[in-house]
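Reader: I've got a model open on my screen and would like a quick walk through it. Can you take my questions one by one?

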Amino acid sequence: MTSPSFAFVPRNISKGGKQQGTCAQVPSSESSHSLKPTPAIERKSAYPGPSGSDKGKQKVSELPAKPVYNEKDISILVVLAFSDYALWLDSDLRRKTEESLQGEEQDAGFLPLSYLMRRAFGRENLGQDYMPTEANVVKAIRAYAGDVLEVRMLVSTPSASGWYPSWKPERGSVGGYEVRRKDWTTLLDNATREFTRGQWDNRTIYMENIPAQYHTIPGIIRFAQGLLSHSSCLVPIQNVTLPPHHLDKAEDRPKCKGFALITLSNAELCQMFLESWPWTRLFQPESDDFDLAEGNLETKEASKFGFRTLPKARWDKLNEEYLAYRQKLISELADANEAPDTSPDSDVRDVVDDVLEDTPAPPRSVTTMYSPYPFGCLVFARNLHLETNKTTLRALFCTAFESSLVDPAGIDYVDFNKGMDSCYLRLASPEHGRVLVDRFSSHPVVQSHGLDDIGKTPEASQKAITTEIIEGKKEEVYWEKVPEKVRRQAVEKAVKAFNGKQSSTSVHTAPEHSEEGRPRKKRNRS
């Protein structure tokens, strides 16, 4: 009797599949050949993670990061960095290309691939970990751009100086790859070398509503090439520009937001885009999309997202109109916040003062405990010093209460942001607001510097600090943005100030023998 052949059982499987205290059964000969590693074992060997006993105690290690661009996108970026437009725009690239064309025929037109890679991926701001290697770039060029670029390996004998530490950078440049355009023999005679900016603009169009899956520079080029699938031009796209946002900094890389400026090789390609995808085109119902089904994926996606094009000259004009309209709105808002100059003559002012003395004051909204916010307690001030701060402004505006009967600590909060020339003042009561506005209207001052908390008389060319009480809709909109707790505290403070003023008045006008005027007797608790 022969001893049974024990099949190898992985430890993790034996622990996970059998309960503690049971014996492992020996598989029969019929089932021993069907024992195969499970997918879980394969994943475990490919991506090491925690053991079975540590499950749930630590996270599984993340999968290795994928490259930013595939081979197709890499080839697109390299071709774009060596296009006619790039040679026209980049003076250093143009100079090095012209110098290389002066060499022997077998070496004419070749440039180091590393030099071209820096220009191809420089504006993409790729980190060193995501930068493709020269071998990957060579593979991408040979697979997708072999009819445009020619690549060769540069093999040279290391020089003796390469063995010394001081020549390490020079040693690192030995060997590598070189690349040149297939049409290198006609580069010096290319008409685009003498182009002007206006001629390139005539070959540039504005694209809008680009499908979301193509929101990268290589993606935009793939999308445009797909729409030009019937064109025989080897390099139809010469450049892609992503218009930056007006708040972007100079060092920020613009992001594609669904629109871009595309420079094409010739005017015929521009006309094809403008005619096939006009800026204003009629809506086509789904029943009429039979012809699009016969097209490629890019055509279907362009129709789905409402893709449209416009000449760059027309886009520049619309952009200027938009900027002018935007500036007009900003100016109108600024003018709306400025107080109008309605100072009457002295004679008219005297007559108006006499009339107003006999005219009762109009009824104002009185703040109660049920009010949503304190009425008449918000003041807007402008023409402040750009380098001032909250502490200085509080001290400056509190000077308005020094010669009045109101509480000198009448400013609850100074709503101010650094670098601004205006602020909001939240006051304890409407009386504080009227005193403050009257004070700065009758005694105009300016800040001589950012820490000036007293002010000085303005000169002829200086704008005095102006204040106004905010009421109505503007007041309501402002207090809506204030937290509820802060609003309630402001309402309580305003009500207390109003009640305190009424009680002080009633003390002076109450009868001499009234019950309210008598002091309340203390209760004996003994």
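Reader: Over how many bridges do β2 and strand β3 pair?

Author: First, a caveat: this is a predicted model, where local features need pLDDT of at least 70, side-chain atom pairs count only at pLDDT 80 or more, and totals for chains, interfaces and linings use all residues. Residues are numbered from 1 along each chain as its sequence is written, and side-chain values use heavy atoms, with hydrogens and water left out. Strands here are DSSP runs (E, at least two residues; helices are H or I, at least four), numbered from the N terminus, and two strands pair if DSSP finds at least two bridges between them. β2 and β3 (residues 177-181) run antiparallel, and their bridges number 5.

Reader: Which residue in β3 stands opposite Val 151?

Author: The pairing of β2 with β3 is antiparallel. Across from Val 151, you'll find Val 179.

Reader: Which strands stand at the edges of the open sheet?

Author: The sheet has 3 strands in the order β1-β3-β2. Two of them have a single partner strand each, so one side of each lacks a neighbour in the sheet: β1 (111-112) and β2 (149-153).

Reader: Which elements do the buried residues of α18 pack against?

Author: α18 covers residues 430-442. Its buried residues (under 20% relative accessible area, with a 1.4 Å probe and protein chains only; over 50% is exposed, in between partly exposed) include His 432, Val 435 and Phe 440. They pack against β8 (378-382), α17 (390-398), β10 (422-427) and β11 (466-469).

Definitions and conventions: Expected span 1.5 Å × (residues − 1). Contact = heavy atoms within 4.5 Å.
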